[in-house]
Amino acid sequence: MNRTVVVLGFAVLLSVAILWAGGIGLVSYRQWHDTHVRIERKRDAGKQECTKTYVEEDAKIRCMHLFDTQYVMEINIAKVTRVLIAAGPLLGLLIVLLVAGRSAKARAGAQALRDRSAARRRADRTPTQHETDLT
């Protein structure tokens, strides 16, 4: 395939991936406050249930720590999910670029090995009689 076509195709895919990341990033930023408030409300409601459900102070504290841990996990999951969705196409293009580069190096290395093997076979073979006969 023509190198210009490959480079133009990659440039188009890269620009689409950048637009995707920007658009998803903007949507994620605008929706983050509502998501964060929903997760905080869920944590606060769970903590209130802890105070209603358990009588012992240690049990209440353990229950509240559980909801704090769940809150941190949900916040981190929400952040990582948004980053992966936004950066997914860019990461995909990076992987394709790395695989293509390794493939090109492998093809060049294989060709060099074939050339060395052919040269070695030519050097190692004994000449035939008509090659040594000068008449």
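Q: What makes a residue part of the lining of the largest cavity, and which residues are they?
A: A lining residue has an atom within 4 Å of a cavity point. In this predicted model, Ile-39, Lys-42, Arg-43, Phe-67, Gln-70, Tyr-71 and Glu-74 line the largest cavity. The elements giving two or more residues to this lining are α1 (3-53) and α2. α2 supplies the largest share, four residues. Helices here are DSSP runs (H or I, at least four residues; strands are E, at least two), numbered from the N terminus.

The model is predicted: local features need pLDDT of at least 70 and side-chain atom pairs pLDDT 80 or more, while totals for chains, interfaces and linings use all residues. Residues are numbered from 1 along each chain as its sequence is written, and side-chain values use heavy atoms, without hydrogens and water.

Q: Why is this space called a cavity, and how many are there of 30 Å³ or more?
A: On a 1 Å grid over the protein atoms alone, a 1.4 Å probe fits at its points but cannot get out. The count is one cavity of 30 Å³ or more. The largest cavity holds about 30 Å³. That volume is the space filled by probe spheres set on the points, which are joined across faces, edges and corners.

Q: What makes the largest pocket a pocket, and which residues line it?
A: A pocket is an open set of points, with protein on both sides within 12 Å along at least five of seven lines. The largest pocket has about 230 Å³ of space. Arg-3, Val-6, Val-7, Phe-10, Val-96, Leu-97, Ala-100 and Gly-101 line it. α1 and α2 are the elements that each give two or more residues to this lining. Six lining residues are nonpolar, one is polar and one is charged.

Q: Why is the contact of Glu-74 with Lys-42 called a salt bridge?
A: The rule asks for a side-chain nitrogen of Lys or Arg within 4 Å of a carboxyl oxygen of Asp or Glu. The closest N and O atoms of Glu-74 and Lys-42 are 3.1 Å apart, so the pair qualifies. Glu-74 is in helix α2 and Lys-42 in helix α1, so the bridge ties together parts 32 residues apart in sequence.

Q: How many salt bridges does the whole structure hold?
A: The search finds three. One of them joins Asp-44 and Arg-43 at 3.4 Å, N to O. Another joins Asp-68 and Lys-47 at 2.9 Å, N to O. Asp-68 belongs to helix α2 and Lys-47 to helix α1, so this pair links parts 21 residues apart in sequence.

Q: Is Arg-43 buried or exposed, and how do you know?
A: Buried means under 20% relative accessible area, exposed over 50%, and partly exposed in between (1.4 Å probe, protein chains only). Arg-43 has 18%, so it is buried. Lys-42, at 44%, is partly exposed. Asp-68 has 24% and Lys-47 has 22%, so both count as partly exposed.

Q: What makes Val-80, Leu-84, Leu-91, Leu-94 and Leu-98 a patch?
A: Patch residues need over 30% relative accessible area and no salt bridge; nonpolar side chains (Val, Leu, Ile, Met, Phe, Trp, Tyr) are joined within 5 Å, like charges within 9 Å. These residues form a nonpolar surface patch with about 470 Å² of accessible area together. Areas come from the Shrake-Rupley method with a 1.4 Å probe; for residues, only the protein chains shown count as cover. Leu-94, in helix α2 (residues 57-124), is partly exposed at 45%.

How values were computed: Nonpolar A, V, L, I, M, F, W, Y, C, P; charged D, E, K, R; others polar.
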